[in-house]
Amino acid sequence: MVTLTAGRIPRNNGIPWRGDSGLKDGSDAKDVKGGLVGGYYDAGDNIKFHFPMAFSMTLLSWSVIEYSAKYKAVEEHDHVRELIKWGTDYLLLTFNSSASTIDKLYAQVGAAKINGSRPDDHYCWNRPEDMAYPRPSLSVSSAPDLGGEVAAALAAASIVFRDNAAYSKKLSQGAATVYKFARQSGRRTPYSLRQPDIEYYYNSTSYWDEYMWSAAWMYYATGNNSYLTFATDPRLPKNA
């Protein structure tokens with residue numbers, strides 16, 4: 001099981017941790033009301049990579065769907081739901097989740113150069129409260145893979161929060177919007193392609209697996225058979 005730890009605890013190798021120190025992340029993203037504050041930092045730095053973050057939220061939600069009784073037995077059910085909501089609240093900020101159609105998606109906050117000498121998230125390993133270097137918000141206009149991963153996360157979480165009808169509906173509607181963006185023709189270029197601040201760290205070479213993954217979760221969340229038909233189309237695994 002993935003373990004998510006609070007902001008000032010030392011990083012756990014390979015596991016994201018919370019970016020909840022009241023920073024001004026996303027202040028350069030003028031189209032995002034309130035910026036991009038929240039979410040989880042990556043394992044080795046303070047960059048927020050939305051691709052692995054979304055996957056982590058999907059898996060956490062899946063674990064609750066499958067093993068909610070176990071979580072309740074060890075009195076961690078409320079805690080894990082809090083962890084998921086912290087992530088999904090943030091993912092809803094990475095695109096216009098109140099719209100039915102979007103043309104961009106934020107892929108990460110923060111950037112680092114390999115073997116760089118200027119202050120950034122790799123050159124300066126320090127507390128989030130002490131970060132004083134630029135943390136750009138990177139958006140992409142084509143993201144079939146990232147969009148599919150975010151859609152899966154929101155769809156899976158909408159099942160976890162079905163006891164909160166308003167929030168579950170918000171997640172489901174956001175999932176539908178970003179899924180539609182991921183599937184748009186003309187936007188089928190992997191999100192990391194020709195993005196040097198992304199490509200080195202979380203490069204993506206294909207999106208067919210995210211199409212299968214997200215369509216399956218959209219079906220489980222909505223019961224809409226069109227998602228199931230697409231998820232089980234034999235052409236998808238051939239490409240994936």
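Biologist: Where is the place of E75?

Modeller: Before I answer, please keep in mind that this is a predicted model, in which local features need pLDDT of at least 70 and side-chain atom pairs count only at pLDDT 80 or more, while totals for chains, interfaces and linings use all residues. Residues are numbered from 1 along each chain as its sequence is written, and side-chain values use heavy atoms, with hydrogens and water left out. Helices (H or I, at least four residues) and strands (E, at least two) are DSSP runs, numbered from the N terminus. With that naming, E75 sits in the loop between α1 and α2, and although E75 is not a glycine, its phi is positive, at about 60 degrees.

Biologist: Is E75 buried or exposed?

Modeller: Buried means under 20% relative accessible area, exposed over 50%, and partly exposed in between, with a 1.4 Å probe and protein chains only. E75 has a relative accessible area of 72%, so it counts as exposed.

Biologist: Which loop holds R194, and what is its phi?

Modeller: R194 belongs to the loop between α4 and α5 (196–202), and R194 has a positive phi of about 60 degrees without being a glycine. Its relative accessible area of 65% is why R194 is called exposed.

Biologist: How should I read a residue's contacts, and what does A240 touch?

Modeller: Contact means heavy atoms within 4.5 Å. A240, in the segment after α8, is in contact with W208, D209 and M212 when its neighbours within four places in sequence are left aside. A240 is exposed, because its relative accessible area is 53%.

Biologist: What does L154 touch?

Modeller: Not counting residues up to four places away in sequence, L154 touches T88, L91, L92, F95, L171, G174 and A175.

Biologist: How do I read the way two helices pack, and at what angle do α3 and α4 cross?

Modeller: Axes are lines fitted to C-alpha atoms, for helices over the stretch in contact, and angles run from 0 to 180 degrees between N-to-C directions. Angles under 35 degrees count as roughly parallel, over 145 as roughly antiparallel, 65 to 115 as roughly perpendicular and the rest as oblique. The axes of α3 (residues 144–160) and α4 (residues 165–183) come within 8 Å and cross at roughly 160 degrees, which means that α3 is roughly antiparallel to α4. Residues making this contact include G147, V150 and L154 of α3 and L171, G174 and V178 of α4.

Biologist: How does the pair α2 and α3 cross, and which residues make the contact?

Modeller: The axes of α2 and α3 come within 10 Å and cross at roughly 140 degrees, and these two helices are therefore oblique to each other. The contact is formed by R81, I84, T88 and L91 from α2 with V150, A153, L154, A157 and V160 from α3.

Biologist: Which residues of α1 and α6 meet?

Modeller: F51, F55, T58, L59, W62 and I65 in α1 meet E210, W213 and W217 in α6. The axes of α1 and α6 come within 13 Å and cross at roughly 40 degrees, so this pair is oblique.
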